[in-house]
Amino acid sequence: MRLFRKVLPKELLEPGKKLMHVSDTPESIYPFLEDLIEKVKPNIIVHTGDLADNIKLERKPWLREEYRRAVQRLIGILGRFGALVYLVPGNEDDIEVLRELSPDFILVRPGTVLEIGPFQVALGHRAEDVKDVDADFKLYGHNFKLIERGLNGVLNVNFILLPEGKVIKVNYPQGTNHDRGYRLLRVL
């Protein structure tokens, strides 16, 4: 599952500052993310939780070592191209593993607001973490909920072009929701 099948908007390939937002990433899309990061060259990457979403660590804690291996692989991909990386732990993440494996990344609590360029950007794992926060952009994942000024990283890979604030959405590869363990696409 490589990116070459997707045609990216020209604006994403042009030089300039870009923030990339992903969430709830199953291992099957790691090669897609690596290609996307290599082609787009975002300056900032925000992952709003569940870094190895296919493992479901919250419900299957005995898979901790498998989770660790998967997260180590993803962290290598996210950090390979020199972007500043923010991680928001999700319900399927082990915070201690994230701290151990990503010392160069910035681990933030859900509800944190960052100043990125001229914008206030709220970060959370769930929509509830950011829905009542005063921010220009609210980045989250976890399910299919939509909120005002929200960018849901489960639905798309979201890019914010800086400093203009234009949002460009790139679809995940076909089968991503299945690999996340979602059997039916429902708006919750």
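Q: How much accessible surface does the chain have, and what share of it belongs to carbon and sulfur atoms?
A: This is a predicted model, where local features need pLDDT of at least 70, side-chain atom pairs count only at pLDDT 80 or more, and totals for chains, interfaces and linings use all residues. Residues are numbered from 1 along each chain as its sequence is written, and side-chain values use heavy atoms, with hydrogens and water left out. By the Shrake-Rupley method with a 1.4 Å probe, the accessible surface is about 9,200 Å², and the carbon and sulfur share is 50%.

Q: In what order do the 6 strands of the open sheet run?
A: Strands here are DSSP runs of E, at least two residues long, numbered from the N terminus, and two of them pair if DSSP finds at least two bridges between them. The edge strands, each pairing on one side only, are β4 (106–107) and β10 (166–170). With mixed pairing, the order is β4-β3-β2-β1-β9-β10.

Q: Which residue in β3 is the bridge partner of Ile44?
A: Strand β2 (residues 44–47) pairs with strand β3 (residues 84–87) in the parallel sense, over 4 bridges. Across this pairing, the bridge partner of Ile44 is Leu84.
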